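Student: Hey, can you walk me through this one? I'm new to it.
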Amino acid sequence: MIIPKFKYTQRETTVCDILKKIEFKTFLNIGFHDWQDIRKHWWIEICKTNNIDWKIVEVFKSNVDDTISKGCPEDRIIHGNIKDVEELPESDCIMFWHGPEHLYKQEFLDILPKLEKKYKILIFGMPWGEEPQGEAYGNPHEKHISAWDILEWKELGYEVTTVKDNKKYPHITCYKIQE
């Protein structure tokens, strides 16, 4: 896989390091906001460079509408919820980047086996520990309602990388590649 030049954050680089090791044809990103912010296109640029078909599933309808109005092709973003695993599009790889903390822990753990059954490659990014965050820009889904640690993910069979950068709260990237 080719990783194009881009100003990746240290956190995003953890995903680049995973993607360098694997090949796939389809990529599903869960959650998106601020289409006009080119910084948020880092994973889309990787997909475009490698001719990977990408899609977004976003839970907050206003984000879907805004993303389309700012230039995202309509066929690339779907209004949906990761909790409705059966309704999610098929894909080789799913990424829920800064997403698990927006669900109650048990709620996420309950859907995780279904996600693992449906997707060959799973990538999750989240704060390492608790990072307080409430609703933002009228979106109730932005609230952080769970906290995660390294050991939990390792016990679930995931490879884990941590980042302690210049941000106030450290970060976890975890992934699983299945046969």
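Student: How many bridges join S4 to strand S5?
Tutor: Five bridges join S4 to S5 (residues 121-127), and the two run parallel. Strands pair if DSSP finds at least two bridges between them. Strands (E, at least two residues) and helices (H or I, at least four) are DSSP runs, numbered from the N terminus. This is a predicted model, where local features need pLDDT of at least 70, side-chain atom pairs count only at pLDDT 80 or more, and totals for chains, interfaces and linings use all residues. Residues are numbered from 1 along each chain as its sequence is written, and side-chain values use heavy atoms, leaving out hydrogens and water.
Student: And which residue stands opposite cysteine 93 in S5?
Tutor: Isoleucine 121. From S4, the chain crosses through helix H4 (residues 105-118) to S5, a right-handed β-α-β crossover. Right-handed means that, with the strands pointing away from the viewer, the path from the first strand over the helix to the second runs clockwise.
Student: Why is S4 largely enclosed by the rest of the structure?
Tutor: Because five of the five residues of S4 (residues 93-97) are buried, meaning under 20% relative accessible area with a 1.4 Å probe, protein chains only. Cys93, Met95 and Trp97 lie on one side, Ile94 and Phe96 on the other.

Key:
Buried means under 20% relative accessible area, exposed over 50%, partly exposed in between (1.4 Å probe, protein chains only).
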